[in-house]
Amino acid sequence: MALALEQAEEAFRAGEVPVGCVIVQGSRIVGRGCNRVEGLSEASAHAEMIAISAASSTLGDWRLEGCTAYVTLEPCIMCAGAFLLARVERVVYGAPEPKFGALGSRIDVRQVEGWNHSFEVMSGVLAEEASSLMREFFRRLRRDARVVESGGLENRCGGNSTEGSNPSLSASFDDED
Ligand SMILES: [Zn+2]
């Protein structure tokens, strides 16, 4: 999970919502990814999707049997669904995501009957570190938005704008202070 957090920090530095994912088979890291929705302008470029892709390519197989995915934030319905399809054995996540979390918070995709696969879930691992990174990210977004509103700084972050970056997700970590 520490390595998944490193991925989240990489996303943070790139101006992306800071989520990271590492996929492990045995003691070997087979895939990793960080959120790149803004950079790639792609709604599906979540850390988990990128890590799943990387792991499949490392293993030469779309079936990630025997793999554990470590994610800093509770996966959304797309990513939880992808973990099902990829047949991972276990998903370990850090912070819960009340608005979009699909492994227990909003819904639990594993509860739907009829899947031919399921996986174990463990949560709360390095949760405080993961959510404080999220809070810090949205705190900076708000601060930068205020600077722009007051006409102070027009072209912030070298144009790597995250304005409007997943506002619904941000609401979950928006502890106005
Ligand atoms: Zn997702």
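How many bridges join β1 to strand β2, and do the two run parallel or antiparallel? Six bridges join them, and they run antiparallel. Strands count as paired here if DSSP finds at least two bridges between them.

This is a predicted model, in which local features need pLDDT of at least 70 and side-chain atom pairs count only at pLDDT 80 or more, while totals for chains, interfaces and linings use all residues. Residues are numbered from 1 along each chain as its sequence is written.

**The chain**

The protein chain has six helices and five strands. Its pattern along the sequence is α-β-β-α-α-β-α-β-β-α-α. Helices (H or I, at least four residues) and strands (E, at least two) are DSSP runs, numbered from the N terminus. Of the 177 residues, 38% are buried. A residue is buried if 20 or more other C-beta atoms lie within 10 Å of its own, exposed if 12 or fewer, and partly exposed in between, with C-beta atoms placed from the backbone.

**The hairpin and the core**

In the hairpin of β1 and β2, two residues lie between the strands, and G26 takes a positive phi near 65°. V22 stands opposite R32 in β2.

The largest nonpolar core has 45 residues, and C21 is one of those that touch the most other members. A nonpolar core is a set of buried Ala, Val, Leu, Ile, Met, Phe, Trp, Tyr and Cys residues joined through C-beta atoms within 7 Å.

| Element | Residues |
|---|---|
| α5 | 127-149 |

The most comes from α3, with six residues. Two residues are in contact if their C-beta atoms, placed from the backbone, lie within 7 Å.

**Helix α5**

Helix α5 has 23 residues and reaches 33 Å from its first C-alpha to its last, close to the 33 Å expected at 1.5 Å a residue. The expected span is 1.5 Å times one less than the number of residues. Its buried residues are A130, L133, M134, F137 and F138.

**G39**

G39 is found in helix α2, residues 37-40. G39 counts as partly exposed because it has 15 C-beta neighbours inside 10 Å. Beyond residues up to four places away in sequence, G39 touches A14 and E16. E16 is 23 residues from G39 along the chain, and their C-alpha atoms are separated by 7.7 Å.
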